[in-house]
Each structure stands twice: as structure tokens, then as C-alpha cells.
Amino acid sequence: MSTLYFIRHGQASFGKSNYDALSGKGEQQAEFLARYLNESATGFDAIYTGPQVRHAQTAAPLVNLLEKEDRMPVHKEHAGLAEYDFESVLKVLLPIISAEDESFNADVSRMFTDKKAFQRIFETAILRWVRGTDLPSDLSTWQAFKDRVNAGIDDIMATDGRGKHVIIFTSGGPIAVAMQKALGLSDEMAMRLNWQIVNCSITRFKCTPNRIMVSAFNEHTWLEKIEGGAMITYR
């Protein structure tokens with residue numbers, strides 16, 4: 001049986017032109033995480049990263065430490081660990097939802113300056129996408145995303161599912177799909193769970209090549225101890 005350590009990326013650049021890059025705080029979170037993992041007694045047999053820039057940037061401090069100490073395991077990028085394209089979902093669904101409910105426009109006008117407004121908009125649009133309610137035919141679906149992530153998880157389990165410790169740097173969406181896979185959650189519950197995942201937290205699974213079980217969810221005690229919890233973020 002193997003242990004899979006799913007790690008959500010550090011804080012991304014919310015409200016900036018390029019969301020897919022760690023913020024200054026996100027870089028600090030990744031450094032703290034790297035020290036924590038490097039100081040643990042566990043040796044790692046493989047590291048996987050999703051294809052987003054923020055995935056590689058979050059992995060970089062740990063990779064640098066392991067390379068410096070000549071303890072670097074096999075390191076692979078895996079397309080199955082990519083996050084869903086939330087920007088495309090919002091771009092397509094916001095005009096539709098706004099046309100149905102004009103009160104929605106007040107939040108839309110300040111979505112990148114008011115985090116609470118963004119959260120209301122984001123949750124409304126993403127849950128509609130997950131439910132598949134009246135979606136345009138050219139919008140990629142939650143089911144397609146889920147199928148791709150599950151295929152990626154299955155591939156990792158088949159490759160590294162016996163007696164290994166494997167680190168997986170990805171985003172909240174794929175972690176939520178892994179939780180759904182292990183616990184049999186509904187689609188909506190999986191997405192709501194996604195919104196509770198802390199940047200640079202660890203969710204651990206035990207697995208064989210064909211079975212996966214939850215061991216721990218959303219661990220981030222090393223961040224709680226820093227600056228009175230000021231390093232804990234969700235975006």
C-alpha cells in the first residue's frame with residue numbers, strides 16, 4: 001500500500017492579469033511547506049506536478065532542497081492533475097446568469113475588488129456548471145473534468161500504488177475529485193469540499209493499484225503556527 005500526499009498549490013495571484021502564478025504570500029507558503037516536508041522522517045519515491053505554473057512553483061522549493069541533499073526522487077508532470085478552467089466557466093456563465101437575475105450584476109461589477117462579491121459569483125456559477133443546468137454545448141463539462149482527473153489518479157495508482165510515498169502538487173479541484181473517488185461524495189458535495197481546501201495543505205490517501213482511501217484531509221498545522229495563522233489562505 002502506498003501513501004499519496006495531495007498538495008494544493010500556494011496562494012495564486014487573485015485579481016491580477018495572470019492568476020496562474022504564486023503571489024508573494026504563496027511563495028512563502030511553498031517555502032514553509034518544503035521545510036516541513038524535508039524535515040519529516042519520510043523519504044519520497046516520486047513527485048508529480050500538474051501542468052499549471054502555480055503547481056510547479058509550489059513544488060520548486062521542495063525540489064530544490066531534495067536536489068541539494070541528493071535525495072531527489074523521480075519527478076513527473078501529469079496532465080491529469082490540471083485544474084478545471086474556472087475563467088472559461090465564469091466567462092460563459094456570468095452573462096447567462098446576469099440576464100436571468102439582474103441583481104447579480106451588482107456583484108459582477110466589483111468581483112475583482114471585493115472578495116465576498118467574488119465568492120458569491122464564483123459559487124453560483126461553479127455550482128451551476130457542476131449541476132450541468134442549461135449549459136452551452138461548447139463549454140467543457142464537470143463530468144469531462146472529473147473523468148480526466150480520475151484517469152490521472154488511476155494512472156498514478158497503477159504506477160506507484162505499492163509501498164511508496166508519493167507527493168502530488170495540484171489544485172483544489174483534483175483534490176476534491178480524489179476525495180469524491182475515495183468517499184463516494186456527490187458532485188456538489190465534492191465541489192463544496194474543494195472550497196475548504198487551504199493553500200499548501202496536504203490531503204493524504206492510502207492506496208493500492210486499484211483502491212484508494214482517505215487518511216487525512218486538509219492538514220496545514222505548519223501554517224497555523226506562523227504569524228498567528230496569517231499565512232492561511234483559500235485562493
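Partly exposed, in these notes, means a relative accessible area between the buried cut-off (under 20%) and the exposed one (over 50%). I'm working from a predicted model.

Entry 1: I started at R204, which has a relative accessible area of 26% and so goes down as partly exposed. I looked up its partner next: the R204 side chain forms a salt bridge with E219, 2.8 Å from N to O. R204 sits in strand β5 (residues 202-208) and E219 in strand β6 (residues 211-219), so this pair ties together parts 15 residues apart in sequence. E219 is partly exposed as well, at 25% relative accessibility.

Entry 2: Then I checked E188 and found its side chain in a salt bridge with R131, at 3.1 Å from N to O. E188 belongs to helix α8 (residues 187-194) and R131 to helix α5 (residues 115-131), so the contact links parts that are 57 residues apart in sequence. I noted E188 as partly exposed at 26%, and R131 also as partly exposed, at 48%.

**Entry 3: K164 and D160.** Here the side chains meet in a salt bridge at 2.9 Å, N to O. Which of the two is buried? I looked: D160 is, with a relative accessible area of 4%. K164 comes out partly exposed at 27%.

**Entry 4: the whole structure.** I ran the search over everything and got 9 salt bridges. I also looked for shared partners: R131, E188 and R192 are joined into one network by salt bridges.

Key:
Residues numbered from 1 in each chain as written. Predicted model: local features only at pLDDT ≥ 70, side-chain atom pairs only at ≥ 80, totals over all residues. Heavy atoms only, no water. Salt bridge = Lys/Arg side-chain N within 4 Å of Asp/Glu carboxyl O. Helix = DSSP H or I, 4+ residues; strand = E, 2+ residues; numbered from the N terminus. Buried < 20%, exposed > 50% of the residue type's maximum accessible area, 1.4 Å probe, protein only.
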